[in-house]
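Subject: Structure handover

Hello,

I am passing this structure on to you. My notes on what was found in it follow below.

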Amino acid sequence: MAFISFHARREVNAFNPECPMTDVAIQNARPAPRAATTWDRLKVNRDWIALWFMLPTAAFLILFLAYPLGLGVWLSFTDARIGRSGVFIGLENYNWLSDDSVFWLSVFNTLLYTVVASAVKFAVGLYLALLLNQNMPFKAIVRAIVLIPFIVPTVLSAIAFWWIYDAQFSIISWSLRHMGLIDGNINFLGDSWNARWSAIVANIWRGIPFVAITLLAGLQTVSPSLYEAATIDGANRWQIFRHVTFPLLTPIIAVVMTFSVLFTFTDFQLIWVLTRGGPVNATHLMATLSYQRAIIGGHLGEGAAISTAMIPFLLAAILLSWFGLQRRKWQQGESND
Amino acid sequence: MTNFTRRTLVRGGTAAAATAALTGPAFLEWSKAWAQAAPWKPEKDAQLSILRWKYFVQAEDDKFVALMDAFTKATGVKITISRESYEDVQPKASVAANTGAGPDLFWGLYSLPHLFPQKCVDVTDVADYLGKKYGGWVDSAVKYGKEGNKWIGIPICYTGSLINYRIAASQKAGFSKFPSKTDEFLEYVKAMKKNNTPGGFALGHAPGDGNTWVYWCLWAHGGQHVDANDKVTINSPETEKALNYAKALYENMVPGTASWNDSSNNKAFLGEEIHWTNNGISIYVAANKDATKKHVAEDMNHAYYPLGPVGKATELHLMFPILAMTYTKYPQACKALIAFMLEADNFNPWIGAAQGYISHCLPAFDKNPIWTEDPKRTPYRDVAKRSLTAGGLGSNGEKAAAAISDYVLLDMFASFCTGKDDAKTSMRNAERQLQRIYRS
């Protein structure tokens, strides 16, 4: 626009009998006064152009990520109920929570759930990935089958596990009983620790394919020549894994485990379908407790406080995996120290 | 109480109860005449939208839709119906009340109108009209419907939570009649366990079945979670008695009740793994529908909860009140519709279609043949008269609702029964939770 109008003005000047050619030249050399503003310069400045391209994405992120997050944190400092905006009450929600045994139980449950499930998912997932990376018959079909738990909607698999763990109709109890190994049904979800382990097993079952397939993708980027070289040098299988495969896999492990920990830490559907946090809150995670208090119970402020209390844990998990596993400079294309 | 997975099983209903009702053109004539004579004249071009709890018995919803349709034909008021799971009506209604936009009418659970009394249309005239015509509202309905001198909602119906038991197994255990006292009931539970025909109450996070029996147990022994001023009084010798009683029951229940949700006992009862439990009438309806379960239906019956040391009925049933929002542009149409729903010519066939799942709050409907043509349904006739309200002695609003939805009492009972905590600790934990909820 600015260019066109500038051009047009020159044309007008050229045909203006009162305006000699020299004046036109001077006018051309001097930018139009309007173009001199900082704003106009910013609009065309190459260094700023990146900002303009980022703006739509930034707006999107602010609107749909930062704003809800900020609102959640703000709500945790109010006594908001569903359908009623609250007033600022400072740390009152947090004070009540700090002395709330159910809340601390949910923190313990969440940490246990995340640590155990993530560790097992990593170990089994890595093992599966190594197996799937071998040459074997029906490779493509086997890989597809491994993905099934991940493809099935969580709620459906949770309902399946709910039947598997049923107090009266559990297929596990039934089978063991008919084999004569146990007398009564196993109390999968009615005993605190049984319920915790049952939920963790269900989560592991569901989470393994994600870890396995992603690590498999990572394994396939490792150049076969490295293995050949290692074999020629006389390395055994463990040494090849330890000194060739594993170091090359660390970047992808960092990514996979960050996601895996985040998914596990914020799990909701599985618990909600299986136990709703019972028995006696033994399987309440912070996410389910937050939902129960905020949405079902109507105490939005308190629920928001529980959700907000998850943020430090999540940040710690992210920082740990990124700084712990991604320090090597060569991962950013530089040589290793 | 019931569950959504069972819903498919309880589809359909008896046409028997509906036979007494008007049908076809006669019904339309009656509807039109009613609309002419009714004290409430819908506004010109009125349109209503209603959000209701999602049905448990398909036939009940069919009747509901037919009823709305008849209202439209008689008055010209178009009605849009939407449905939500019964736990989700409350959050939606709260948001609508706060933002001043949404459905004109909400039909939800327990003390819904008391969450935002100033946002509810005053329906005192409707309540008086219906009360006068049909024998006066029962006590619990007045508590759920009224705030001060004003009716802010109309208690449409209850869904009862009563004892379901197998007849032959009970007789074998030496009980020709279901026990009516708590002491006797404990003996019954022990005898049933000894005969390898145990039963059970849910102690997991089961919003319906779990909450209803623990409130009964607490009240039966004189315990109260709050007093009349909403002061927390859960930590009491009476509560301890109730806990000890519940533990004695629990030790003689089928294993695994701590994991039960609302549908577990339905499954176990129909699967003949348990022989007594608490539930709505849905097990019986489902057993009747399923040809392979006919013998269960024939061999089962329903009973009131036994009376405890306090000597009177202390049951908690699920109340479903309806309310109109003050933001509605058509308050007269709302009132007309509510009154229309509860008129005998509509309500009788509707109760009939629900086969006992819906219990009335107006004594005149005791006469509905649905309650007597099958004597096994009869106990559900009286749930409104026997029910206490969710607030106990205290207020009936959002605090009582939060205490229920947060499973405070249920967890207190469960933690003691399963041996996780002793009585003192369980009560102290519950007291702490209640203080959090009841803080002003």
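How many residues of domain 1 of chain B are in contact with domain 2 of chain B? There are 15 of them, and they touch 15 residues of domain 2 of chain B; two residues are in contact if their C-beta atoms, placed from the backbone, lie within 7 Å. On the domain 1 side of this boundary, the residues divide into 6 nonpolar, 5 polar and 4 charged. Here Ala, Val, Leu, Ile, Met, Phe, Trp, Tyr, Cys and Pro count as nonpolar, Asp, Glu, Lys and Arg as charged, and the others, Gly among them, as polar.

This is a predicted model, in which local features need pLDDT of at least 70 and side-chain atom pairs count only at pLDDT 80 or more, while totals for chains, interfaces and linings use all residues. Residues are numbered from 1 along each chain as its sequence is written, and chains are lettered from A and ligands numbered from 1 in the order in which they are written.

Domain 1 of chain B comprises 19–159 + 317–387, and domain 2 comprises 162–315 + 406–438; the bounds come from an automatic or database domain assignment. Their centres, taken over C-alpha atoms, are separated by 30 Å.

Next, helix H7 of chain B, residues 182–194. Helices (H or I, at least four residues) and strands (E, at least two) are DSSP runs, numbered from the N terminus. At 1.5 Å a residue (times one less than the number of residues), the 13 residues of H7(B) should span 18 Å, and the end C-alpha atoms are 18 Å apart, which agrees. Its buried residues are Thr182(B), Phe185(B), Tyr188(B), Val189(B) and Met192(B). They lie on the same side of H7(B), because they cover an arc of only 105 degrees around the axis, taken from the directions from the helix axis to the C-beta atoms. Asp183(B) and Lys194(B), on the other side, are exposed. A residue is buried if 20 or more other C-beta atoms lie within 10 Å of its own, exposed if 12 or fewer, and partly exposed in between. The buried residues of H7(B) pack against helices H6, H8 and H9 and strand S8 of chain B. After H7(B) comes Asn196(B), with a positive phi near 65 degrees.

Strand S1 of chain B (residues 47–53) has 5 of its 7 residues buried. S1(B) runs parallel to strand S2 (residues 78–84) of chain B, joined by 7 bridges; pairing requires at least two bridges found by DSSP. Leu51(B) stands opposite Ser82(B) in S2(B).

Chain A has 16 helices and 0 strands. Of its 337 residues, 31% count as buried.

Regards
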